[in-house]
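Take a walk through this protein chain, one stop at a time. Keep the sequence and the model side by side as you read.

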Amino acid sequence: ESRSIVILSAPQTKASNVGMTVLLLGQDPELSSYRVQVLKAAGFEVISPTSRKEAVHAIENRQFDVAVLSYTLPNDLAQEFADLIHQSCPACPLIAISESAWDDSRIAPDDTVVGHEGPDALLEAVRRASSKRLRRVK
């Protein structure tokens, strides 16, 4: 499988993202690292646990504004994380990054991004979700 890296220009709305925290959950360390870089470059704070134990701890004990589940997670683990997120932070929007279409409707993401659409699609989904969260909280 070949992957291309897309270099992003500085996002115009970086300042509006400052203070927003994204929980990023996935099992491919290289892909997660790239997504963390993209989100941080856009001004988001990112929590990206590297194990199931760290992820559960982060979901239960950290504050975040948006959660992102990657298709690199096995379905049962994605389901577990989605359930924990819905319980621990009911107002947090959940974004699924899928290979084609998110197969497990039990996860019920607020938004879905197809992985091959690239980092701009992820950034737009996170921005939409974070602005919806801000409206819900106010």
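Start with the overall plan. The model is predicted. The protein chain has 5 helices and 5 strands. Read from the N terminus, its elements follow the order α-β-α-β-α-β-α-β-β-α. Of the 138 residues in the protein chain, 47% are buried. Now look at which parts of the sequence meet. Among contacts with a separation of 6 or more, 70% join residues 24 or more positions apart.

Next, go to helix α2, which covers residues 29-41. Serine 32 sits in this helix. Is serine 32 buried or exposed? Its relative accessibility is 10%, so serine 32 counts as buried, the cut-off being under 20%. Which residues does serine 32 touch, beyond its neighbours within four places in sequence? They are Leu24, Gly26 and Ser48.

Gly26 has come up already, as a contact of serine 32. Which helix gives the most to this lining? It is α2, with 4 residues. Helices α2, α3 (52-61) and α4 (75-88) each supply at least two residues of the lining. By type, the lining residues of the second largest pocket split into 8 nonpolar, 7 polar and 2 charged.

Which residues of α4 are buried? They are Leu77, Ala78, Gln79, Phe81, Ala82, Leu84 and Ile85. The spacing in that list has a simple background. An α-helix has 3.6 residues a turn, so residues three or four places apart point the same way. What do the buried residues of α4 pack against? Their partners are the strands β1 (21-25), β3 (66-70) and β4 (94-98), together with helix α3.

Now move on to the cysteines. The model has 1 disulfide. It joins cysteine 89 to cysteine 92, with an S to S distance of 2.0 Å. The torsion about this S-S bond is about 55°, so the disulfide is right-handed. Cysteine 89 has 14% relative accessibility, so it counts as buried. Cysteine 92 counts as buried too, because its relative accessibility is 2%.

Alanine 91 is in the loop between α4 and β4. Its relative accessibility is 28%, so alanine 91 counts as partly exposed.

End at another alanine. Alanine 108 belongs to the loop between β4 and β5 (111-114). What is its phi? The angle is near 50°, a positive value in a residue other than glycine. Most residues other than glycine have a negative phi. Alanine 108 has a relative accessible area of 42%, so it is partly exposed.

Note on methods
Residues numbered from 1 in each chain as written. Predicted model: local features only at pLDDT ≥ 70, side-chain atom pairs only at ≥ 80, totals over all residues. Heavy atoms only, no water. Buried < 20%, exposed > 50% of the residue type's maximum accessible area, 1.4 Å probe, protein only. Contact = heavy atoms within 4.5 Å. Nonpolar A, V, L, I, M, F, W, Y, C, P; charged D, E, K, R; others polar. Disulfide = S-S within 2.5 Å.
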